[in-house]
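Have a look at it first, then read on.

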Amino acid sequence: MKNYFVQTLCRVKQENYDPGQQVPIHEQDTYPMYQEIQNLSYSTFKHFMEGDWEYVLLEEEVSHVFEVFQQNFRKIYDLWNKEPCNILFTGLDTTMIQPTEIFGKYDKFTMFNHSDPKRSPNFENNFNCDVRYYPATMDKKWMDYTMEKIDTLKVWSDEQDIYNDMLWGQGVNVEEVLDPKMAYQGHMIPNLEQNIEAGNSWNGIHINDAHIVHWHSSRGIANRVQLFNSICEWLEVPIHNV
C-alpha cells in the first residue's frame, strides 16, 4: 500500500481581497517565507514520521487563495483515485515534534482537533482542517463530495466546512476522533517560551505530549519562520531541501 505525505506551496498573485471573503490579512510578498517554512516543516516530518512514505509537494501559481483550496481538492482526489493509498495532508505551518506512526492507523477520513473557534455557526464541533488523513478505506463518496463542492467557495471558512461535512457525515462522534496530540493548535504561542500554558489549556494536553503542531501562519508568517528555525534547532532536526 502506498503512503503519501502531501503539502502545498503556491505563489498567490493576488494579495488584496474582498473583505466579504474573510481572507486573513497577510504580510506582503510572503512566498519566499513560505518556501523557507516548507523546507523546515518537511524536515521535521522526514525526521520523525515512521513507516514508508513518499512526499508530494503540490506547486502552482494561482490568482486567488481559493484556487489553492481547489487545487488541493482536485489533486488529492486524483492521487487517491489513481491507486489504493493512504494520504496525510498537512499545511506548511505544521511541525512533527516526536516519532509518530500514522499511516494505516485510521479507517475513515479524519481530522484531529478543534479549530478556533471550537464551535461555528455550522458545526457544534468545528474541527481544524490543516491536518487531514485520507485512508484507502474511506468511503469514495466523500472524495466525490469534494468535487461537487469545488466551485462553491465564497468565504475563507467554506473550505474547512467542506472537510467538516466529510468528517461528521461519516457518523462518527467527537469522542472517536478528537486526538489533540495529532493536531495541537499553537495559534496563541509566539515562541517556545511564551503562552505555553494557555496553549496547553486550550488543547487539553501539554505541548510536550503533542506529535504534530499546527502553528497558524495565516496569523503572521514572519514570526513562524523564526519559530520553525528555533524548533528545528531545539529538536536537532537536519534541514532537508526538497
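Let's begin with helix 6, residues 196-203, where Ile196, Gly199, Asn200, Trp202 and Asn203 are the buried residues. Those residues cover an arc of only 165° around the axis, which puts them on the same side of helix 6. Keep in mind that this is a predicted model.

**Around helix 6**

- Glu197 and Ser201 sit on the other side of helix 6, and they are exposed.
- What do the buried residues of helix 6 pack against? Their partner is strand 6, residues 184-185.
- Look just past the end of helix 6 and you'll find Gly204, which takes a positive phi of about 80°.

- Four strands make up an open sheet with mixed pairing, and their order is 2-1-3-5.
- Strand 2 (54-62) and strand 5 (131-134) are the edge strands, so called because each pairs on one side only.
- From one strand to the next, the twist averages 20°.
- As a bit of background, strands of a sheet pair through backbone hydrogen bonds, in either a parallel or an antiparallel way.

**Strand 1 and its neighbours**

- Strand 1 covers residues 2-12 and runs parallel to strand 2, with nine bridges joining the two.
- On its other pairing, strand 1 meets strand 3 over five bridges, again in the parallel sense.
- Which residue of strand 2 is the bridge partner of Gln7? That's Leu57.
- Phe5 is a handy landmark: its bridge partner in strand 3 is Leu88, and Phe5 also stands opposite Tyr55 in strand 2.
- Is strand 1 largely enclosed or open? Eight of its eleven residues are buried, so strand 1 is largely enclosed by the rest of the structure.

**Helix 1, the sheet and helix 7**

- Helix 1 (residues 31-48) lies across strand 1, strand 2 and strand 3 (85-90), and runs at about 165° to strand 1.
- Helix 1 also has a helical partner in helix 7 (residues 221-235): their axes come within 10 Å and cross at roughly 30°.
- That angle is under 35 degrees, the cut-off for roughly parallel, so helix 1 counts as roughly parallel to helix 7.
- The crossing of helix 1 past helix 7 is left-handed.
- On the helix 1 side, the residues that meet helix 7 include Met33, Ile37, Leu40, Thr44 and Phe48.
- On the helix 7 side, the residues meeting helix 1 include Ile221, Val225, Phe228, Cys232 and Leu235.

**Helix 3 and helix 4**

- Helix 3 (residues 140-149) packs with helix 4 (residues 157-169) at an angle of about 155°, and their axes are 10 Å apart.
- Are helix 3 and helix 4 roughly parallel or roughly antiparallel? Angles over 145 degrees count as roughly antiparallel, and therefore helix 3 and helix 4 are roughly antiparallel to each other.
- Helix 3 and helix 4 make a right-handed crossing.
- Helix 3 brings Trp142, Tyr145, Thr146 and Lys149 to this meeting, while helix 4 brings Ile162, Asp165, Met166 and Gly169.

Definitions and conventions: Residues are numbered from 1 along each chain as its sequence is written. This is a predicted model: local features need pLDDT of at least 70, side-chain atom pairs count only at pLDDT 80 or more; totals for chains, interfaces and linings use all residues. Side-chain values use heavy atoms; hydrogens and water are left out. Buried means under 20% relative accessible area, exposed over 50%, partly exposed in between (1.4 Å probe, protein chains only). The arc is that of the directions from the helix axis to the C-beta atoms. Contact means heavy atoms within 4.5 Å. Two strands pair if DSSP finds at least two bridges between them. Axes are lines fitted to C-alpha atoms, for helices over the stretch in contact, and angles run from 0 to 180 degrees between N-to-C directions. Angles under 35 degrees count as roughly parallel, over 145 as roughly antiparallel, 65 to 115 as roughly perpendicular and the rest as oblique. A crossing is left-handed if the near helix is turned anticlockwise from the far one by less than a right angle, and right-handed if clockwise.
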